[in-house]
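Me: I would like to learn how to read the packing in a structure of this kind. Could you take me through it step by step?

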Amino acid sequence: MTESFLPRVNGVTNSVCRTAEHLAAHGHEAIIISPAPGPAEYAGFPVRLVPGIALPMYPQFVLGLPTPKVEEYLREFAPDVVHLASPIVLGASGVAAARRLRIPTVAIFQTDVAAFARRHGFRGADQVIWRWLRRIHAQADRTLVPSTATMEQLARYGVPRLALWRRGVDLERFHPRHRSESLRRRLAPGGEVIVGYVGRLAPDKRVHLLEHLVDIPGVRLVVAGDGPAEPKLRRLLPTVEFLGFQSGRALSETMASLDVFVHTGADETFCQAVQEALAAGVPVVAPASGGPLDLVRHGSNGFLYAPDSPRSLRLCVERLVRNPRLRAELAARTRPSVQARTWEAVCDELLGHYQDVIGVPPGRLAA
């Protein structure tokens, strides 16, 4: 049961797709419950659609609405376990329905909703949001978190039964061999160092911080992605090359063709884009907060900067831009740092968590 699914593409959707593919490949049965609109099936599994509503400040994000259909779908399918992907509203009704039906649940914490709301202008709502999230996760048999920083955060807010479950990376799709010299010549005809951001263009990602990098000599800035902040960012950053939303081969080539990957969001619970850049052989500059703390080894495969310091961000990027030898040394250590994190291995871990909670006596849920 997921708060977000195709055709919407984001970290939650990606994790659900990879999980479904793994279940199908290993002979398991599943259904996917998600907000409409969406496909009729995925990976051979039926998709059950429920009503959804788009967020006013972010139309691309659709929340599933509570409906009696959720319990009906679960009763009909009679699963061994319910997987709740980033539960907020639909997930809240899902965990309640699973509890009534005495079905074990695994909840995946993936989005810092309080920080998301704050970055989109809803200030002062942190306590209410965290109270709601704790209520949801307290009903689950296990909550899986993607990073050590997020685990510490949830523990501080009193969320029980936590375990670490990181995300996988597609090592074929993101690989140094996809580096394209023709693309590099098009993006940087003067042989500039290509510094890029790949991801959603939304207030919570703070892409406007790239403004502090535009005048670094010998740099060509590139942005791949789309989102509600794109028009404003294009006006703010007129010299930046905006490539729009990318997927497939285009995304593989863009990521591998960068010299430096910059991430600007400071509220990431994991940050899949950072892991993909590392798999593609690109040194990363990311905030020293949240998920990147587990991925970026400062001075080894990239640099971490003070999250609220544009000057720190600029200094880290300048250091890599001005020192090709250092850039090459860090690039050599990027892919090995994530090479063990295949989706196959990570999803096998998930199946282990499923098995653990299935072994819990049905209905045993602490408040």
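Reply: We begin with a term: a contact means heavy atoms within 4.5 Å. This is a predicted model, in which local features need pLDDT of at least 70, side-chain atom pairs count only at pLDDT 80 or more, and totals for chains, interfaces and linings use all residues. Residues are numbered from 1 along each chain as its sequence is written, and side-chain values use heavy atoms, with hydrogens and water left out.

Me: Which residues does Phe261 touch, not counting residues up to four places away in sequence?

Reply: Phe261 touches Gly196, Tyr197, Val198, Met255, Ala273, Val274, Ala277, Val282, Pro283, Val284 and Val285.

Me: Which residues touch the most other members of the largest nonpolar core?

Reply: A nonpolar core is a set of buried Ala, Val, Leu, Ile, Met, Phe, Trp, Tyr and Cys residues joined through side-chain atoms within 4.5 Å, where buried means under 20% relative accessible area with a 1.4 Å probe, protein chains only. The largest such core has 31 residues, of which Met255, Phe261, Val274 and Val284 touch the most other members. Among the elements that give two or more residues to this core are helix H9 (248–257), helix H10 (272–279) and strand E14 (284–287), helices (H or I, at least four residues) and strands (E, at least two) being DSSP runs numbered from the N terminus. H10 gives the most, with 5 residues. Apart from this core lies another, of 29 residues, including Val195 and Cys316.

Me: How many of the residues of the protein chain count as buried?

Reply: Of its 367 residues, 56% count as buried, and the C-alpha trace spans about 65 × 45 × 35 Å along its principal axes.

Terms used: Buried < 20%, exposed > 50% of the residue type's maximum accessible area, 1.4 Å probe, protein only.
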